[in-house]
Amino acid sequence: MLGFFKKRQKKKANGLNDKRHPEIDWLNTIDASLSINLEIIKEKTGNSPDVIIRELSMGLNDSVRTAIVYIEGMVDDQSIKDFLIESLMKNQNLQEKVTQQEPLGLLKKKAVPFGDVVTGREWDQLFSSLMAGEALIFIDGTAEVLIIDTRGGEKRAIEEPSSQVVVRGPRDGFTEDIRTNISLVRRRIRNPSLWVEPMKIGQTTKTEVAIMYINDVANEKVVKEVRRRLKQINVDSILESGYVEQLIEDQTFTTFPTLYHTERPDAVAGNLMEGRVAIFVDGTPFVLLAPAVFIQFFQSVEDYYTRFDLATALRFLRILIFFISLIAPAAYVAATTFHQEMIPTQLLITVAAQREAVPFPSFIEALLMEITFEILREAGIRMPRAVGSAISIVGAIVIGQAAVQAGIVSPAMVIIVSITAIASFATPSYSVAISARLIRFLFMVAAATFGFYGIILGIIMLTVHLCSLRSFGVPYMSPLAPFTLVNNSDTIIRAPWWAFWQRPRLISGENTVREGSRQKPRPPMNREMVSRSNEKGDSNE
Amino acid sequence: MEKAKISAYQLFVLVLLFELGSALILPLAIGAKQDAWLAILLGMIGGGGIFLMYDRLFRFYPDILPTEYVQKIIGKTLGRILAFFYLLYFAYIAARIMRDFGVMLVTFAYPDTPLFIINALLVIVVVYTVHKGVEVLARSGELLFVLIVVVAVAGFILVLVSGLIDPSNLKPVLEERISSVLKVTLTETLYFPFGETVVFAMLLPYLNHPFKARKIGLLAIGLSGVILASVMAINISVLGVSLTSRSQFPLLTTIQMIQVAEFLERLDIFFMLTLVVAGFFKISILLYAVVTGTANLFQIENPSRLAYPIGLVILILSVTIASNFAEHLQEGLQLVPVFLHIPFQIVIPLFLLTLAFLKTKRKQGQ
């Protein structure tokens, strides 16, 4: 059955490939004539007004005709106007020297005040540079072009990330510009072994994608695998890192994320130090990290900045939160429908009294409230900010007061739904919270049909499913299962920094040693240090 | 044989879960009355001996499954037939355990739900797990083992706190002479649960460090024996001999007695569900053994697909092997040990071991 589907998909993919760019059929290298070249550019870009062609003449008696081609908005306007055009037009010295022979080399050497200048002659290359924001200098009579790195243009300033907020920790977040993002990480790891490999993905969008890893820390096999999977991507567009994530993950049929994504440069730096590989995609502030393990989604960068005991307690809390958001409504349904005897008598009487007026079985009641809440939440996210507060007021009335007063749901149910909702907001990773949201409904169905037996079977199945997942070959539940004792210093518990001896073994390569021995801070060996300062009389006493 | 490796710790957890699986819920060795714990401990020692035998066989052929080395020892045709009978034996035990758990659930929580439905749900989860392979089974075991430990420790503390334990119920020790205890050991506890580790012969070849098998196996059997003995001792000291022997599921009855602070009571549901987890692993391990053995015996390329049909067979078996629970228990206590456990757990392995030993001797002689 599955095999059959696979075959069909393959056929489709092949069909797409052949039809992609039927009209492109130009001569592959450029012409010597300037006007022909410019004609081709105009034709290929459909005379788009943002493609600027600035023709000018150089040399004695204006004998050398040249043209600068760039795209408005993609280039750094300042440098084009102030440096490039200025130096080409106003440099007297140059004007005299430029002749028909070898103007290109001369320009390259003497006239173009930019860091990255190369020559090219193939249209493919020229267009991709042009579209990336580089400026091209054509010279009449030369079948070669100067490509100048003038990439720039408007971009968002570095702001505090909105998705992973911390109380203590750096405030800078990634932006939509890939080069800014890479530099943000490089500023944190100043080491030549921090390697970046650029590539272009997306047949039409030609999106810049870069993988980053620390050469002697990352597992070579994982790096190779990431590279291979990225190279295999053959789609027309990549508009967000979510595209890449879904094209390179190990298993599609799961609600759990097998790649970690973050907006925080410090999170990326920390994960690189553990041996992971980062995947930057231009146009989005979300950077992917591979391989990801399940427990990672319950960790926040702040855990590493606060004290270890508090961080550990918080991690336990988050695991609890995850279970609450997963099975709280299901447990309520099971307890009220099947196992009333396990509720203490006093509580049972209270709950039963509340439920007496409610016309629905508790499963329908729970389903009603959960769906209402999901609708509210979705509305709250998608609506314009100004309307958002109105929704929260309406929501509070609908879920809280009115529904209970109208006798449609019981107050206990409202409490359960609210706790579940708060719990699902408190999960540090949105992508795990959202999958718990979906699975919660399955648990509710299981509880409604088979009570706690249904729930425990659901939990077993969920555990088995999680254990069967892998992320780039690393078992998803590691280092809990398979259990690796050394690496459990950073899972549910967060050991003090002096006890982080090793990097995660399954993730990083051979280089697992993280810190020197005897990192544990010690108080002064003898009390002399303290008493000496007293002797001098420089204390406040 | 699937390309998979399990670690020593994973094997330890699996053996432990397997041993505890259904033995925890049943009135184990109650024939020995208040000396049940002693019968269990003696069974454990014997079980350790039996496991050493399986381990020795495994050391002769560390890379291949028993279904394969049986053929090497006693010849192709005979070996295949014997291996096939072993698979039937495993399937039958799996069905028996499923019946135990199904009846427990029906009795304690779901009186109106048919046994078939209860078992069918469990089979779905078991098949799903076995389909994913032995590594996933082992990893899930590691995770859910934690849950079982937490619940077990909590249960123990609660029983202790609520002051139910009356040690005088365990006295006098050895009232009816040692022979009656030995009789229970030799007819019951030696085979169930300890001798059932024969199924691990099918899992040992997956171990990443084969030389650890002996130590890990003995450790797990020892720990499970101590746990089972103390659980049974607690049951008897809480309920007394007569109530324990009349209760179908004494552990749950004990848990039902817990009453702490007028809030924690009727906790049997939680314990029942935790026991379901242990039973789930026992059934999964048996089903996995059948699946991987069948695939090996009939040279089927994709073993995981076999989980569905064989799971269905076990489901139907579990409902049809006995017409009621009394009959089921009767079969389990009187017929199964003699006709199935003794030959499959002791006689045949001993015979195979002797032959294998002689064969290697002869090879060395040449």
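## Contacts around Leu38(B)

Two residues are taken to be in contact if their C-beta atoms, placed from the backbone, lie within 7 Å. On that basis, and leaving aside its neighbours within four places in sequence, Leu38(B) is in contact with Ala32(B) and Val181(B) in this predicted model. The C-alpha atoms of Leu38(B) and Val181(B) are separated by 7.3 Å, although the two residues are 143 residues apart along the chain.

Leu38(B) belongs to helix 2 of chain B, which runs over residues 36–60. Leu38(B) counts as buried because 22 other C-beta atoms lie within 10 Å, the cut-off for that class being 20 or more.

As background, most residues other than glycine have a negative phi, and most peptide bonds are trans.

The surroundings of each residue can be described by its C-beta neighbours. Ala29(B) is buried, since 27 other C-beta atoms lie within 10 Å, whereas Lys33(B), with 19 C-beta neighbours inside 10 Å, counts as partly exposed.

## Overall form of chain B

Chain B has 13 helices and two strands, and its C-alpha trace spans about 70 × 45 × 40 Å along the principal axes. For 366 residues a compact globule would have a radius of gyration near 21 Å, so the 20 Å of chain B agrees with that expectation.

Of the 366 residues in chain B, 51% are buried. Among the contacts in chain B with a separation of 6 or more, 81% are accounted for by residues 24 or more positions apart.

## Domains of chain A

Chain A is divided into three parts: domain 1 covers residues 34–148, domain 2 covers 178–304 and domain 3 covers 308–468.

## The interface of chains A and B

Across the interface, 22 residues of chain A are in contact with 27 residues of chain B. Helix 16 of chain A (residues 430–468) supplies the largest share of the side of chain A that touches chain B, namely 12 residues. By class, that side of chain A has 17 nonpolar, four polar and one charged residues.

## Nonpolar cores

The largest nonpolar core holds 221 residues, and within this core Ile279(A) and Leu287(B) touch the most other members. Helix 11 of chain B (residues 268–297) gives the most to this core, with 19 residues. Because domain 2 (178–304) and domain 3 (308–468) of chain A both give residues to this core, it lies between them.

Leaving aside its neighbours within four places in sequence, Ile279(A) is in contact with several residues, including Val209(A), Ile211(A), Val226(A), Ser241(A) and Val244(A), and also Val287(A), Leu288(A) and Ala290(A).

## Annotated segments of chain A

An unreviewed UniProt entry carries the annotation "transmembrane region" for residues 277–299, 319–338, 386–406, 412–434 and 441–462 of chain A. In the model, residues 412–434 of chain A are 87% helix and 0% strand, with the end C-alpha atoms 24 Å apart. Over residues 441–462 of chain A the chain is 100% helix and 0% strand, and there the end C-alpha atoms are 13 Å apart.

## Cis peptide bonds in chain A

The peptide bond from Ser478(A) to Pro479(A) is cis, with omega near 0 degrees, and Pro479(A) lies in the loop between strand 12 (474–475) and helix 17 (528–536) of chain A. The peptide bond from Ala481(A) to Pro482(A) is likewise cis, with omega near 0 degrees, and Pro482(A) has its place in the loop between strand 12 and helix 17 of chain A.

Notes
Residues are numbered from 1 along each chain as its sequence is written. Chains are lettered from A and ligands numbered from 1 in the order in which they are written. This is a predicted model: local features need pLDDT of at least 70, side-chain atom pairs count only at pLDDT 80 or more; totals for chains, interfaces and linings use all residues. Domain bounds come from an automatic or database domain assignment. Helices (H or I, at least four residues) and strands (E, at least two) are DSSP runs, numbered from the N terminus. Ala, Val, Leu, Ile, Met, Phe, Trp, Tyr, Cys and Pro count as nonpolar, Asp, Glu, Lys and Arg as charged, and the others, Gly among them, as polar. A residue is buried if 20 or more other C-beta atoms lie within 10 Å of its own, exposed if 12 or fewer, and partly exposed in between; C-beta atoms are placed from the backbone. A nonpolar core is a set of buried Ala, Val, Leu, Ile, Met, Phe, Trp, Tyr and Cys residues joined through C-beta atoms within 7 Å. UniProt positions are given in the numbering used here, feature names are shortened, and annotations may be inferred rather than shown by experiment. The radius of gyration is taken over C-alpha atoms; the globule rule is 2.2 Å times the number of residues to the power 0.38.
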